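This report is meant for someone looking at the structure for the first time.

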There are 2 protein chains.
Amino acid sequence: MHIYDLDTPALVVDLDILEANIRDMAAHCASIGIPLRVHTKTHKTPEIAKMQVAAGSQGITCQKLGEAEVMAAAGLDDILIPFNLVGLPKARRLSRLAQLKRITVTADSLATVEGLAQQLGPDGANVGVLVELDTGGQRCGVQSPEAARDLGRAIMDLPGLTLKGILTYPSRPEAKPFLERTLELFDEAGLPHPVVSGGGTGAEAISKELGCTETRSGSYVYEGMTRVSYNDFRPERCALRVICTVVSVPTHDRIIIDGGQKTFESYPPVPYGHIIEHPEACIYGMSVEHGHVDVSQCTHSFRVGEALSVIPLHQGKVSNMHDELVAARNGEIEAIWQIRGRGRVR
Amino acid sequence: MHIYDLDTPALVVDLDILEANIRDMAAHCASIGIPLRVHTKTHKTPEIAKMQVAAGSQGITCQKLGEAEVMAAAGLDDILIPFNLVGLPKARRLSRLAQLKRITVTADSLATVEGLAQQLGPDGANVGVLVELDTGGQRCGVQSPEAARDLGRAIMDLPGLTLKGILTYPSRPEAKPFLERTLELFDEAGLPHPVVSGGGTGAEAISKELGCTETRSGSYVYEGMTRVSYNDFRPERCALRVICTVVSVPTHDRIIIDGGQKTFESYPPVPYGHIIEHPEACIYGMSVEHGHVDVSQCTHSFRVGEALSVIPLHQGKVSNMHDELVAARNGEIEAIWQIRGRGRVR
């Protein structure tokens, strides 16, 4: 079956591009000499995570515990959850998961690690812990090398937890002094740091320079307009698309497609996506279930019922709205995958 | 169980507020004299649709066929789908649905209605059709009263379709000439128009003035910051909230909660939500799975593990990210509902 014959809107991944992106990033990291621990937030799909591990990723990264649970259930192992897991329900779930798989988490406070230890210790479970450093993200993370060392020491004394090192977010050149001083203090205090987790797509080389032992790259797998628009946008590298149908041609310069904010995302900038068949068309607006397209620059005469392939602006957020992902090669459908990590908000 | 004991983030509806909103809108429409056909896009939850029908709504509105299917499966009937349903898979699904329930759709082109008739006619199924008018929305809709009449005539001649009237989007005072002229032309041509569908929350009175026979109000059910921020924001009227946990207190003026773009939405304006317990806190940023909160104006000293109730900015989009809705009264959980319409993009 061809992707143009799908009921729409339908989320589709082009397997040739996906495989090339996975291969290219694996080769890039190998050439730099930094191991990859792919971030699965972009696709949330076990089948793709397995392709990435088969291509050499040493494990995976899941932003939420619920995503880690579905990835583990699908057979994946060695999972980093770079999140402060807080509260009794999560400590219990983590404990169960850690009895089945190799799990590492991050923490930036005594409250977080003490909460985990209270459950994991008595359960006889164990997770690795990385101290998260706020290296300029102004999100989570300890604020100083001294605070990192103090938290590291506390982790060493808690049952059910194994100090594994540190994690930076983000990995920028400015992070170097913070990182180096933290590692010095860890060494002085006799604290282990086999893992220095960094990265993110595009930051592989700088992560290596910073001394990171792994990169959590994720968005490279699909590529997309958001990430590449500030470099050079090359549609031939973008693996994800939404097949839409033209449902209205109200005027000669405007068409309406059957995907809007609840199929794509509502966040600008314009254009909201790139129509592969008609690059000169511009998706200038999104209402809840309709996409508004300016076709005044197109010579093509659009008709109701036509199928279009739209490369979305925000690949990770689009994946979070769909239950299924159609895997296709040269437009022919090879498989339909469940996006099992979708909606795992907890 | 109290909502503060939920694993987080958790989507919660306050039943007292929900019931009051449903009651108030029903009373408002009754006092104006315009029947309500509630739009379910805001909640996507059959249990709430049933409460609205029990309060007097004469039927429901679903923006996508897939939402109509789940509402029908849950026992709801008399469903308007104000969308051009295009393509063979949708015509087949519509035909099946129309053999079970009373269904009305909209159309703005011959291609749409001919496509439906080709399937419905031979199947012996029938749906009502409203001609959609573009009364300033610059989305779908015919562009002139004459085009509306011509399409109405065509619908009269097609099997499986019953012309029911017209639909306006949006319903503003400027729409009056277009509407009146269309109805004149319908009368001259002997075309029926028992239904003139208009409305949307806040447009009930103007819809009545325009001569509409029903209002498709939806967002009133939850209320929310988006709709009420340009009037007066009254948290006590907002029924939806996300219970979040403070997972990090990295600095004295910033806390991080465990809900971000994939729990709420990524679209500004700031603030991204209203924290009921601490109205002076400001959710100024959202990363993918974290919410960034400025607490510099709070006297309260926040701690990791604290639960907070956040009224979201975009209630309909938040509902589209969660599988479950916790129904609570005075903070105590009464039921957990499946958001069955969520993700029904087709």
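## Helix packing in chain A

In helix 3 of chain A, Leu65(A), Ala68(A), Glu69(A) and Ala72(A) meet Lys90(A), Arg93(A), Leu94(A) and Leu97(A) of helix 4 of chain A. By class, this contact of helix 3 with helix 4 of chain A has 5 nonpolar, no polar and 3 charged residues. The model is a predicted one.

Helix 3 of chain A covers residues 65-73, and it packs against helix 4 of chain A at an angle of about 25 degrees, with the axes 11 Å apart. Angles under 35 degrees count as roughly parallel, and helix 3 and helix 4 of chain A are therefore roughly parallel to each other. Their crossing is left-handed.

Helix 4 of chain A also packs against helix 5 of chain A, at an angle of about 45 degrees and with the axes 9 Å apart. That makes helix 4 of chain A oblique to helix 5 of chain A. The crossing of helix 4 and helix 5 of chain A is right-handed. On the helix 4 side of chain A the contact is made by Ala91(A), Arg92(A), Leu94(A), Ser95(A) and Ala98(A), and on the helix 5 side by Gly115(A), Leu116(A), Gln118(A), Gln119(A), Leu120(A) and Asp123(A). Sorted by class, the contact of helix 4 with helix 5 of chain A has 5 nonpolar, 4 polar and 2 charged residues. Leu94(A) is among the residues of helix 4 of chain A that meet helix 3 of chain A, and Leu94(A) is also among those that meet helix 5 of chain A.

A further pair consists of helix 6 (residues 145-156) and helix 7 (residues 176-188) of chain A, which pack at an angle of about 40 degrees with their axes 8 Å apart. That makes helix 6 of chain A oblique to helix 7 of chain A. Helix 6 of chain A passes helix 7 of chain A in a right-handed crossing. From helix 6 of chain A the contact takes Pro145(A), Glu146(A), Ala148(A), Arg149(A) and Gly152(A), and from helix 7 of chain A it takes Phe178(A), Arg181(A), Thr182(A), Leu185(A) and Phe186(A). The classes in the contact of helix 6 with helix 7 of chain A are 5 nonpolar, 2 polar and 3 charged residues.

The table sets out the geometry of these pairs.

| Helix pair | Angle | Axis separation |
|---|---|---|
| Helix 3 and helix 4 of chain A | about 25 degrees | 11 Å |
| Helix 4 and helix 5 of chain A | about 45 degrees | 9 Å |
| Helix 6 and helix 7 of chain A | about 40 degrees | 8 Å |

## Domains of chain A

Chain A is divided into domain 1 (3-10 + 224-338) and domain 2 (15-221). Taken over C-alpha atoms, the centres of domain 1 and domain 2 of chain A are separated by 33 Å.

How many residues of domain 1 of chain A are in contact with domain 2 of chain A? There are 14, and they touch 13 residues of domain 2 of chain A. Helix 10 (315-319), strand 16 (324-329) and strand 17 (332-338) of chain A each supply at least two residues of this side of domain 1. Strand 16 of chain A gives the largest share, 4 residues. By class, the side of domain 1 of chain A that touches domain 2 of chain A has 6 nonpolar, 4 polar and 4 charged residues.

## The two chains

A rotation of 180 degrees, with 0.0 Å of shift along its axis, superposes chain A on chain B with an RMSD of 0.0 Å. The two copies are thus related as by a two-fold rotation axis. The same surface serves both copies, as 98% of the contact residues of chain A recur in chain B. Of the residues of chain A, Tyr267(A) comes closest to the rotation axis, with its C-alpha at 2.6 Å.

In the contact between the chains, 52 residues of chain A touch 51 residues of chain B. Helix 4 (88-98), helix 5 (110-123), strand 10 (240-251) and helix 10 of chain A are the elements that give two or more residues to the chain A side. The largest share, 6 residues, comes from strand 10 of chain A. The residues of the side of chain A that touches chain B divide into 15 nonpolar, 23 polar and 14 charged.

## Backbone details

The peptide bond from Thr8(A) to Pro9(A) is cis, with omega near -5 degrees. Pro9(A) lies in the segment before strand 1 (10-14) of chain A. In chain B, the peptide bond from Val270(B) to Pro271(B) is cis, with omega near -5 degrees. Pro271(B) is found in the loop between strand 11 (254-257) and strand 12 (273-275) of chain B.

Lys44(A), a residue other than glycine, has a positive phi, near 55 degrees. Its place is the loop between strand 2 (38-39) and helix 2 (46-54) of chain A.

Conventions
Residues are numbered from 1 along each chain as its sequence is written. Chains are lettered from A and ligands numbered from 1 in the order in which they are written. This is a predicted model: local features need pLDDT of at least 70, side-chain atom pairs count only at pLDDT 80 or more; totals for chains, interfaces and linings use all residues. Copies are superposed by least squares on the C-alpha atoms of residues with pLDDT of at least 70 in both. Two residues are in contact if their C-beta atoms, placed from the backbone, lie within 7 Å. Domain bounds come from an automatic or database domain assignment. Ala, Val, Leu, Ile, Met, Phe, Trp, Tyr, Cys and Pro count as nonpolar, Asp, Glu, Lys and Arg as charged, and the others, Gly among them, as polar. Axes are lines fitted to C-alpha atoms, for helices over the stretch in contact, and angles run from 0 to 180 degrees between N-to-C directions. Angles under 35 degrees count as roughly parallel, over 145 as roughly antiparallel, 65 to 115 as roughly perpendicular and the rest as oblique. A crossing is left-handed if the near helix is turned anticlockwise from the far one by less than a right angle, and right-handed if clockwise.
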